[in-house]
Amino acid sequence: MALINTFARPMTRSCLLFIILAPWMLSSQSRFTISGYVTEKGSRENLPGVIIHQPSTGKATTSNAYGFYSITLPEADTVELVFSSIGYNPVLKKVPLRKNQELSIDLQSQAQIEEVQVSTSKIEAISENVQMSVIDIPVQKVKDIPALLGEKDVLKVLQLMPGVQKGSEGSSGFYVRGGGPDQNLIILDDATVYNAFHLFGFFSLFNGDALKSVELTKGGFPARYGGRLSAVLDMQMKDGNKEKIRGEVGIGLISSRITIEGPIIKDKCSFLISGRRTYIDALIAPYMNQDRKVGYYFYDLNAKLNYVLSNKDRLYLSGYFGKDKFYAKFKDDFFSTKAGLGWGNATATARWNHLFNSRLFANTSFIFTDYNLRIDNEFKDQLNTFSLLYTSGIKDVSGKITFDYLPDPNHYIKFGLHSIYHRFAPGATVLKSSFTEENINQGQLFFSFENAAFVEDDWKLSKKWRANIGFRLSNFIIKNDYIFNPEPRISLRYLMREGLSLKGSYAKMHQYMHLLSNTGIGLPTDLWVPATHKAPFMTSEQVAGGVAKDFKKGFDLSIEGYYKTMKNVLGYKEGASFFQLQDNTGTITWEDNITSGRGWSYGAEVLLRKNEGDFTGWIGYTLSWTQLQFDELNFGRKFFARYDRRHDISLVGVYHINDRITVSGTWVYGTGNAITLPLNTYVAGGFGMSMPGVPGNLLNYYEVQDYGQQRNAFRMAAYHRADLGIQWRKQLKRAVRTFELSFYNVYNRQNPFFYFMQPTASGKQKLMQVSLFPIIPAFTWSWKF
Amino acid sequence: MELEILKMKKLYSLLAAITLVYGCTKEANIKLPEPEEKLVVTCFISPEESLISVLVNTSKPRYNTSWQANTEIKDAAIVIRSAEGAATIPYVDSLHLYAIETSEFPILPGKTYTLEAKSNDKSCSAVTTVPTDTLHIRNLTVSLQFSKDSTALDAAYSTQVADIPGQTNYVSIFQRHLLLMPYDSLYNQPGDMLNPGYGIFEDDEKQPRENYGAFTQAYSARSSEKIRYDSFIVEVWALNCSREFYLYNRSVQEAAWTTGNPFSDPVMVYTNMNNGFGCFGAYRLSKRIQVK
């Protein structure tokens, strides 16, 4: 028997290998591959997500993030291939297929031609895609939708999608399916962005002029993504026009921006540089006197350089650098004080594309990212000087290699390795005074490695069944701890009939870092910290199921339900905050401030879209519940998360009246955030120690608040708002000028931002609501040349 | 460009004016419970104490009521009960508390007690069980180290408490030390020192903890004067607390510690009072003194 087993095992393995490889081995004799790059006509910008399909057989593939595609088909005198992508005119190509072919295609943007042709070709049919819970936002759509103060913002458009919620009024922070902002992986050209916000969360870092693609994955994560529990926002910067110098200048109410792109060596090397700066500080400066100054500004800069080394090799260098700075100075005859709060991100990515052969594509990336926060304060009087400096931050250096292998149209295999070296500096404080010595709370530095190996296959099992099956092995190393976690991923699609499919997915995710946040809205004071023994790594499991239906005239509908569990979610202990350096037992670290618990989120999402024609837009609705439970919070009982939102509705419409005028509007409604409010106040007697006596009863009295014995027991008033915008475009001699007038909060809804207590004239305490933004008109000019 | 900026300034001022006019503060329109005053009753009992004292006042709803500094109640009916009997606890003016000697109503280890309070139309009650055992203070280590020139002194002491096996221990440690010395030998300090330390801990059975209350204190003399002292006395009290005692006192401490910090998360103050606030808890007390 043992002998049989000895032989049987290799035999079994060989048979299995043969069964798996047989279709490719047998068919390879009579099959050839067509491969190449899909680019935009006029700019030679690589186009990701283009569908390449053979109408006669229905075989199809998609271009990857670098515009590369590969499709292997049986030998034929001629094959027809249609290249199509939303926003571009489809192209039909007839190719003789007697040998492997290189075929690169330019697609013309519909925005570049006068009349938009409604195509019947295959464009992003949601019923056919195996991936569920994915949102693609065309960058042009971001520019069409009205925005607060006219500042176009990718993240705010994402907030209009079902399953994605905003934190508070005006905030760019987003919550996906019950996960906090820390559970969203935000990637810009492969680099992780740790704090994606300017102006305390009101605007995102991402300058739409520099972006090429924006994709948000809410569930059913492919194995190539990992490191966060709830969502992946993957953004690619434009490569830069390879044919002509192009540019765009925009002047808005609070900021101006400029983008220039063009060839350095035509068709071989191009660049893009895009910058933006606010001028609130310059505008308010005349109203300040020398002794009282307050100011704020932010700026950001995106730059990219790419070089086609050969037919098989391409090089991309890209970077982002941005900074926010708030400052205040006061001075009189007796004292002076100055304070500053600054934070900034920097990322740099070097990528090398290499084509091993027409079916195997590789991308190797080296990435650096840095986020830092600095708070400083100095107080001087005639006798004393007191200063405080608080710093925190995170730095990553990482390497990533990803292979795209397309053996035949039924398989699209991606595999690779990813390794990140993290350096966490969760908070250091320096206190100085004229009378006392320097008091330094150096803060701990943490170093860790996060590694992953992954493989996934987008597998067309039959005409009706399609699957994306993946596996990710993640690893985390901190000090001498080595943690390995398997993460299975699967997405399935069953095509019931043409245009109607059922989908399901399961994904397990691990997150080896935490964001400590008192507010949950993505303030710069939030601290990134690594998973440690006291703050163990987080795990989530998510199952989702749904229906996708494509209708005529560009309508599609998706309905999805999901259930997600989260383990080791972190929260501050009651009474703790990021700035707490000491408690009654002495100096404390961030680990003493936190506690871990569990979370549950479940709900349903409906999205009805119209993607084609003069009128486009969508209706989104989310019904959801999110609950948390921590042993040390709320007496161990479950409570609703601050961002638990029962109902969330968004209506978005963009109407191109003609090629000169576009009008757009949005309306949003959301159940109010869950909040904790004090209901009663009383004097509590505490056990204490007498001076100079002994421990004794009721020696200490404290005034305390009662919050109804339940955390987040109350709801803010519901949030709703409508925005309208109108754009006028005019073709000038050398540029297209666009003037946009927009109105934020058209019907002047007073949405709550926060609540506070205020005594009235009669001495009674009232709960007051502060609203932030009334109706706000805004305008922007832009010139595109 | 300058003209554009001038126009922008005007527009910015206009927008700021609009924001001031329309962006506003108004009374919140959200559903809140009807304001209701409740009794706040706090009492901790121990077989080692000679007095049962009870603090009684009322809570004030935060909304639609006026702030009131003095909410003390002197006319409440306070009754403490056990399986063996009951006693009414009277108000004692000199203490500003309701109090009764334990000689009149003994508190016994392992027994369960109920405290009831009634005042006008308000009433509340709570139950607690006195821990059976006292904690054994296994070790109290004291060290005193002079600097080479004797102008500085480091005092350190730590306490070891033996866990009661097979249960979660709720431990509270009080410490104080006394450095007895000739007056004025320390820089800017009186002749004797007192530093009470206080901590309260949940000691999970799965992760036993024995070391509590490590404490250090540095003294330095004025100029080059040498420190002289007569004796250094450390006193430690270890409380074996009921769960209610622990939850309440810990949460009250946290609430007090974070008062005024706008970044802090709210602290839920524990109560075991049915239909009221406050706490009825119990503890056993043990003590150790070390003189050096």
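How many of the 16 residues of α2(B) are buried? In this predicted model, the count is 12, so α2(B) is largely enclosed by the rest of the structure. A search over all chains finds 41 salt bridges in the whole structure.

**Helix α2 of chain B**

- Helix α2 of chain B covers residues 243-258 and has 16 residues.
- From its first C-alpha to its last, helix α2 of chain B reaches 23 Å, close to the 22 Å expected at 1.5 Å a residue.
- The buried residues of α2(B) include the run B:E244, B:F245, B:Y246, B:L247, B:Y248, B:N249, B:R250, B:S251, B:V252 and B:Q253.
- B:A255 and B:T258 are also among the buried residues of α2(B).

**Salt bridges of A:R98**

- A:E75 pairs with A:R98 in a salt bridge whose closest N and O atoms are 3.1 Å apart.
- This pair links distant parts of the chain, 23 residues apart: A:E75 is in the loop between β4 (68-74) and β5 (76-84) of chain A, and A:R98 is in the loop between β6 (91-97) and β7 (101-102) of chain A.
- A:E75 is partly exposed, with a relative accessible area of 37%, and A:R98 is partly exposed at 45%.
- A:R98 also forms a salt bridge with A:D77, where the closest N and O atoms are 1.7 Å apart.
- Because A:R98 lies in the loop between β6 and β7 of chain A and A:D77 in strand β5 of chain A, the pair ties together parts that are 21 residues apart in sequence.
- A:D77 is exposed, with a relative accessible area of 54%.

- A salt bridge joins the side chains of A:D189 and A:R351, at 3.1 Å from N to O.
- A:D189 lies in the loop between β12 (184-188) and β13 (191-192) of chain A and A:R351 in strand β23 (residues 335-357) of chain A, so the pair ties together parts that are 162 residues apart in sequence.
- Both A:D189 and A:R351 are buried.
- A network of salt bridges links A:D189 and A:R351 with A:E45, A:D190, A:K212, A:D239, A:K304 and A:K400.

**Positive surface patch**

- A:K293, A:K329, A:K331, A:K338 and A:K380 form a positive surface patch.
- Within this patch, A:K331 is placed in strand β22 (residues 313-331) of chain A.
- A:K331 is exposed, with a relative accessible area of 52%.

Notes
Residues numbered from 1 in each chain as written. Chains lettered and ligands numbered in written order. Predicted model: local features only at pLDDT ≥ 70, side-chain atom pairs only at ≥ 80, totals over all residues. Heavy atoms only, no water. Patch = residues over 30% accessible without salt bridge, like charges linked within 9 Å, V, L, I, M, F, W, Y side chains within 5 Å. Areas by Shrake-Rupley, 256 points an atom, 1.4 Å probe, with all protein chains shown as cover. Salt bridge = Lys/Arg side-chain N within 4 Å of Asp/Glu carboxyl O. Lys, Arg positive; Asp, Glu negative; His and termini not counted. Charge placed at Lys NZ, Arg CZ, Asp CG, Glu CD. Helix = DSSP H or I, 4+ residues; strand = E, 2+ residues; numbered from the N terminus. Buried < 20%, exposed > 50% of the residue type's maximum accessible area, 1.4 Å probe, protein only. Expected span 1.5 Å × (residues − 1).
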